[in-house]
Structure formats: C-alpha cells, structure tokens
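Student: Hey, can you walk me through this structure? I'd like to start with one residue and then jump around.

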Amino acid sequence: MTKIIGLTGGIGSGKSFVAQYMKSVGIPVYIADEEAKKLMASAEMEQEVTKALGSGILTDGHIDKNKLAQLVFNHPDKLQILNCIVHPKVKQHFDQWVQHHKTHPLLVKETAILFESGSYIDCDSIITVTAPMELRIQRVIHRDHTTKEQVLQRIENQWTDEQRIAKSDYTINNISVKETESQVNEILNLLKIQ
C-alpha cells in the first residue's frame, strides 16, 4: 500500500531542497505550491478569485501574484477567502496525482502550509524541515531578492518550527547538504521498513 508523506517547513528552511533530493532518489513528489500556481493560472480560477477578491489584483486582465500576495498578507480574512477557493482544488488535483502514482510505495506532498490547510490529515507520516532563523532569512533574501523585514513578515504569518515539530513524526535540520541528505536517507529507510 502507498504511504503519503507530508513534507513541510517554514520559508527558507530548505524543504524544496529536501523535495528535490527525494525526487533524485526516485520518490514521486507533489509540490503543492507549484500545482496551486498552475491551477490559479486557469481562466476558471482567475475568474473565481477575481470575483471573490476584486479586480484590484489584476494586471492586464490576469491575476498579478504580487498584488494578490500584498492583499492577502495584509488582510487575513482575504487570505481565508483565497484558501477556501484554492485548497479544495489542490486537494482534488493531489488525489488524482496519487491515483496516477499508486504503484509507488512512498509518495511525498511538499507544502509550506501542510497544517494550516488541514491536508496533514491525508498523510501517513510528516517530516518538518528546519534551519536556524538567520540562515532561513539569508536564503530567502538571496532567493527572492527581498528585504529582511519582508522575510520576517512572511515568517510571522506561518506556524513556528515548534508548532510544526510538535505535530510531525520526523525533523530534518537543514544546515549542510551532506548532513541533510544523510538525514533524509535515514528517514526514508525507516519509512520503507514500517
């Protein structure tokens, strides 16, 4: 039977690196943020989101992800509305993806909001990726060409590492590539023999 592994962590923790490493060793990985972006780009979703949140999020007739991010980061009620539109569609898409990959013993769902979205209930085990706060901030500044203040604002809108770890089966402390890969291999071996 296929086991679904939830993979999560705060911004800059390195969960994408862990996801890519898992892919490289042959485990199918569903990247929820990427799939959500693809779904959001559909005409049907753009229409639904614009109807709910207003035309102020549009540029040239399409959703402007920066305008949308600005709106939902500053208005938690708007984020809730967006999530109520997007999460059910991502869940439906994920369920189809699982059916397509059901011959694999392990499948991974990578998402920053595994707990916040409630999708952790679909997982057999959960892995949280952590890293020291300063390292996380530096990674995001480098990756997104943003400011420390903007990164901290995004971190404040997410669960803390402590909250995630308390609900997880495994934790990966992502500081060095070699050590992280070793931790992933150890967890994968445990998951395969359970």
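**Chat notes**

Tutor: Thr-180 lies in helix H9, residues 177-193. Helices (H or I, at least four residues) and strands (E, at least two) are DSSP runs, numbered from the N terminus. This is a predicted model, where local features need pLDDT of at least 70, side-chain atom pairs count only at pLDDT 80 or more, and totals for chains, interfaces and linings use all residues. Residues are numbered from 1 along each chain as its sequence is written, and side-chain values use heavy atoms, with hydrogens and water left out.

Student: Is Thr-180 buried or exposed?

Tutor: Thr-180 is buried, with a relative accessible area of 0%. Buried means under 20% relative accessible area, exposed over 50%, and partly exposed in between (1.4 Å probe, protein chains only).

Student: Which residues does Thr-180 touch?

Tutor: Skipping residues up to four places away in sequence, Thr-180 touches Phe-17, Val-18, Ile-172, Asn-173, Asn-174 and Ile-175. Contact means heavy atoms within 4.5 Å.

Student: OK, which residues touch the most other members of the largest nonpolar core?

Tutor: That core has 25 residues, and the ones touching the most other members are Met-40, Val-49, Leu-53, Ile-57, Leu-68, Leu-82 and Val-86. A nonpolar core is a set of buried Ala, Val, Leu, Ile, Met, Phe, Trp, Tyr and Cys residues joined through side-chain atoms within 4.5 Å.

Student: Which helix gives the most to this core?

Tutor: H5 does, with seven residues.

Student: Let's switch to H4. Which of its residues are buried?

Tutor: Leu-68, Leu-71 and Val-72. Looking down the axis of H4, these buried residues fall within an arc of 90 degrees, so they line one face of the helix. The arc is that of the directions from the helix axis to the C-beta atoms.

Student: And what's exposed on the other side of H4?

Tutor: Asn-66 and Gln-70 are exposed there.

Student: What do the buried residues of H4 pack against?

Tutor: They pack against H2, H3, strand S4 (62-63) and H5.
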